[in-house]
Amino acid sequence: MKSILENLNEVQREAVQQTEGPVLILAGAGSGKTRTLSYRVAYLMDSNKVDPAHILAVTFTNKAAREMRNRIEALVGNRLSALWIGTFHSICARILRIESEHLGYSKNFTIYDVDEQVRALKKIIGLLSIPQQLYSPKMIQNRLSRIKNQFLYPEDREQGKPADELDIYMPDIYRRYQNYIIENNALDFDDLLMKPIELFERFPEIRKKYANKFKYVLVDEYQDTNHAQYLFIKKLVSGHHNICVVGDEDQSIYGWRGADINNILNFSRDFPDAKIFKMEENYRSNGKILAAANAVVENNKARIGKKLWTNKPAGDKVSLFCAVDDREETKHIVDIIHDQMFTHKRSFKDMAVLYRTNAQSRIFEDALRKNAINYTIVGGVKFFERKEIKDLLAYLKLIVNPHDSVSLKRIVNFPLRGIGEITVNKIEKFAEIENIILFEAMGRVDEIAAISPAMGARVVEFYKLIKSFIGLSSEMSPVELVSTLASETGILNHYKTEYDQYESESRVSNIRELFRSVEEFTEEKNKDGKPATISDYLEEVSLLTDVDTWNSNNNAVTLMTLHSAKGLEFPVVCITGMEMGVLPLQRNTADMEELEEERRLLYVGMTRAQEKLYLSYAKTRKKFNNVVDSVASLFIDEIPVDLIESGTEALSQRETIKKNRSSARRKKIQSYFQAGQSSQEADSEFKIGQPVYHATFGKGKIKCLEGSGDKMKITVFFTDENIEKKLIKKYANLTPIES
DNA sequence: CAGCTGTATCTTTTT
DNA sequence: GATACAGCTG
């Protein structure tokens, strides 16, 4: 083990050896934090003779978990199946599978993703008299998720005064939604975090059991934990305080998802005896890249503060390219890739193209394909979110958990079997009266007077089909089950024959890919001597992240969002779309905290680069349907001029540029904050009775205004067409005119 | 009452 | 530029 410690620098070594008590490791980008965590676990086992079953390590993605496990196994020289490593969600799911009965769930509970949450919410919202149109189910899902991430119950929300009209309904929606998904034997992503805490609070002996099991707890990316995750960890370690968290406040980029940067900022207040280690030596990036990244992030106020340094060569300056439009920016990226290949002998996999929003990926995709450049996209339309895959998974979910009526309703009439919404509603009503689950009600459909025998026969046929698969699921291997399912239900055939050839081929090959994925999972699981079940597989795929499905060994240029890039590194990185409105992204309401999070996002992106960093922006960009003019991001003004090399600006002008930058930057910050208010100012141009012009409907008069800002709904009576239309301001493109 | 067709809706980041 | 939903038709 001594030789292992020699592979670490001094701070890393101290952090590894401080095994007892609370430890906070402030690890800058590229400072070797995964390495330190891995060594720490190996050290615990090797030097302190800690049984791996007593260690829990929480990572941000499954990919990071897998990598860390491999590293530790390499260090200690054997396979460690007893060691718990995983994301918060997968660790919590694992605990809940063991303890679910205490909370009124059965072991085979289903995990609902956002799409299924929304489906469940739509049903609930339908029962309530909420001023519809004003609040979309997606909005409600978002808000509910935030509430649950703060570990709040419906009754907590009833106290305190509501922030707006929707808030009045939230406790009721929350309570009904929760009852509904319990009936479905389902948990959503947020429940996975909440329920273990609830479990620990209601059953102290269970809390004790896990606190005793996990004598050493490690948490990676601590800056991105939310309140529920914080509580979970706190309860787990309350006895022994052997907690080691690693994080970097400058890389906190999930505030919008409820992550609380204060968890890391206040760690030493929560654990007053905490030992703090600062890892400031960067082993990843060349000097100039690091200096540029430092210069940007230093503008943030909400930080503990550290100064990264490196022993690596200074390297090249950061390249900046100003394109006329987004097409030219794309062409520039293609040129960079060619140049890096031919003059610097790099391969595709050395390069990454990063952007703020997934929508920006399409234009790069097209260009790379045309230029025969291999690429992989992380995120965007995810494999497991494709319709054909979700359909098959819904069948599997129903077979594993017949209580799951959200999945049932998804597939009851797919492929078409003549069972429509009205029939389902009747059965649902019957199920409520009889107090049975929807699936069982289908087996007793003959008792429902309102359903004709002919329709009843179809329903029973579906019921029997699923029943037979429930029987088969214990006899067949997961792969056999899935492939039999695809052919017996007619799904495979449906996709083979319907649609045009191109679409059909891609859908069928996706289904084949799913078979392969099931097979691979089963094999992997069997290696550890545990027979894999469909239920295990479903859990695995519901908790996958985008990055988890990314194969870094493929020789391809990687395209992904700045968020997805966290934790990764590439020799060459291109950050695109560096304009006001894109990075930082323009929202309706802007505040300083959000601007700082955007700045951290760029910092994360810049520090991914090892040897060469390219920044680019476009003066005009196609957004929605029209072309938008934009100016360079204010963050560009924060990078010292001597670290930038720009093909478009003459070097002699550097001094003048230097002078103008700080005032330019100030103006941009102002405009960023004013943009939110300007929509309110703009509201004033729309009043009831105001004549307006619309590109498709012609002239009209405003009849009614609802809501405010970009989401304002405007009802217009169009005189030319003699029709009334309800339009959303943001998309309608209405122009006020003189009458 | 199921199933198709056209129109409205919407793009922030993700477990 | 895709998807969801409403409204129409058989």
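What is the volume of the second largest pocket? The second largest pocket has a volume of about 560 Å³. A pocket here is an open set of points on a 1 Å grid over the protein atoms alone, where a 1.4 Å probe fits, with protein on both sides within 12 Å along at least five of seven lines; lining residues have an atom within 4 Å of a point. The volume is the space filled by probe spheres set on the points, which are joined across faces, edges and corners.

This is a predicted model, in which local features need pLDDT of at least 70 and side-chain atom pairs count only at pLDDT 80 or more, while totals for chains, interfaces and linings use all residues. Residues are numbered from 1 along each chain as its sequence is written, and side-chain values use heavy atoms, with hydrogens and water left out.

The lining of the second largest pocket consists of 18 residues, and Lys123, Lys409, Glu421, Asn425 and Glu428 lie nearest its centre. Helix 6 (114–127), helix 19 (405–411) and helix 20 (421–434) each give two or more residues to this lining; helices (H or I, at least four residues) and strands (E, at least two) are DSSP runs, numbered from the N terminus. Helix 20 supplies the largest share, six residues. By class, the lining has eight charged, seven nonpolar and three polar residues. Asp, Glu, Lys and Arg count as charged, Ala, Val, Leu, Ile, Met, Phe, Trp, Tyr, Cys and Pro as nonpolar, and the others, Gly among them, as polar.

Next come the charged pairs. Side chains of opposite charge can pair when their charged atoms come close. With a salt bridge taken as a side-chain nitrogen of Lys or Arg within 4 Å of a carboxyl oxygen of Asp or Glu, the count comes to 50. In one of them, the closest N and O atoms of Lys33 and Asp220 are 3.4 Å apart. This pair links distant parts of the chain, 187 residues apart: Lys33 is in helix 3 (residues 33–46), and Asp220 is in the loop between strand 6 (216–219) and helix 12 (227–237). Lys33 is buried at 15% relative accessible area, as is Asp220 at 6%; buried means under 20% relative accessible area, exposed over 50% and partly exposed in between (1.4 Å probe, protein chains only).

Lys566 forms a salt bridge with Glu221, with the closest N and O atoms 3.5 Å apart. Lys566 lies in the loop between strand 12 (557–561) and strand 13 (570–575) and Glu221 in the loop between strand 6 and helix 12, so the pair ties together parts 345 residues apart in sequence. Lys566 is buried at 10%, and Glu221 is buried at 8%.

Aromatic rings are another topic. The structure holds 15 aromatic pairs, counted where rings of Phe, Tyr and Trp (its six-membered ring) have centres within 6.5 Å; planes under 30 degrees apart count as stacked, over 60 as edge-to-face and the rest as tilted. Tyr105 and Phe109 are edge-to-face, at 6.5 Å centre to centre and 70° between the planes. Why is the pair of Tyr210 and Phe214 stacked? The planes of Tyr210 and Phe214 are at 25°, with the ring centres 6.4 Å apart, so the pair is stacked. Tyr210 is buried at 3%, and Phe214 is buried at 0%.

Terms used
Chains are lettered from A and ligands numbered from 1 in the order in which they are written.
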